[in-house]
Amino acid sequence: MLKNSSNRKIQTRKALQNIIKRLKKQSKKIVFTNGCFDLLHLGHILLFKKAKSCGDILVLGLNTDESAKRLKGPKRPLVDERSRARVLSELESIDYITFFNEDTPFELIKELKPNILVKGGDYRLNEIVGRNLVEKVVRFPFVEGYSTTSLIKKIVQAYGK
């Protein structure tokens, strides 16, 4: 896992807790979303843009490689956590990124205490982990035709195994 980075957007959980406390004292609304974001695509970009529009600061919880492997299978992630974090950190809509190694972001949400939680529309409200820890949950409609799984299938079809 990435511990130190010259990139100010990539923070440890503890450092991010302190940053968020400071921002909340400035009356900033903190928005949180999470995922593996293995192969970045338009659906992700639109999710981040929507999430950012819900508040002042967008925090992204990024699954570690170990966590992604447990959730997605032994051949995932395709892109390592350091690279995923660096690519995501270049996006204007994302203010901070931190890693979580658990299967769900529950503990991370509990630690960071964001105001708003944003998830993709492929999740039903009762399936959204951490919904009871925030003031508001926003579901972003699923963007048809854009998923990492469908991208992987297209690549395999085009180039074989």
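Helices (H or I, at least four residues) and strands (E, at least two) in these legends are DSSP runs, numbered from the N terminus. The model is predicted: local features need pLDDT of at least 70, side-chain atom pairs count only at pLDDT 80 or more, and totals for chains, interfaces and linings use all residues. Residues are numbered from 1 along each chain as its sequence is written, and side-chain values use heavy atoms, with hydrogens and water left out.

**View 1. Confidence and the start of the chain.** pLDDT is the predictor's confidence in each residue, from 0 to 100. The protein averages 92, and 96% of the residues score at least 70. Over residues 1-5 pLDDT stays under 50. For this stretch the model has 10 contacts (heavy atoms within 4.5 Å) beyond four places in sequence.

**View 2. The largest nonpolar core.** A nonpolar core is a set of buried Ala, Val, Leu, Ile, Met, Phe, Trp, Tyr and Cys residues joined through side-chain atoms within 4.5 Å; buried means under 20% relative accessible area, exposed over 50%, and partly exposed in between (1.4 Å probe, protein chains only). The largest core has 20 residues, of which Phe48, Leu60, Leu62, Leu88 and Ile94 touch the most other members. Two or more residues come from each of α2, β2 (57-63), α4, β3 (96-100), β4 (116-120) and β5 (136-140). Apart from this core lies another, of 16 residues, including Ile19, Phe100, Ile128 and Val134.

**View 3. Surroundings of Leu62.** Residues up to four places away in sequence are not counted here. Among the residues that Leu62 touches are Gly35, Cys36, Phe37, Arg84, Leu88, Ile97 and Phe99.

**View 4. A nonpolar patch on the surface.** Leu40, Leu42, Ile45, Leu46, Val87 and Tyr146 together have about 440 Å² of accessible area, by the Shrake-Rupley method with a 1.4 Å probe, where for residues only the protein chains shown count as cover. Helix α2 (residues 42-53) gives the largest share, three residues. Val87 belongs to helix α4 (residues 81-89) and counts as partly exposed because its relative accessibility is 45%.

View 5. The peptide bond from Arg76 to Pro77 is cis, with omega near 0°; Pro77 is in the loop between α3 (65-72) and α4. Ser27, not a glycine, has a positive phi, near 65°. The loop between α1 (13-25) and β1 (30-35) holds Ser27, which counts as exposed because its relative accessibility is 62%. Lys113, in the loop between α5 (106-112) and β4, also is not a glycine and has a positive phi of about 55°.

Notes:
Patch = residues over 30% accessible without salt bridge, like charges linked within 9 Å, V, L, I, M, F, W, Y side chains within 5 Å. Salt bridge = Lys/Arg side-chain N within 4 Å of Asp/Glu carboxyl O.
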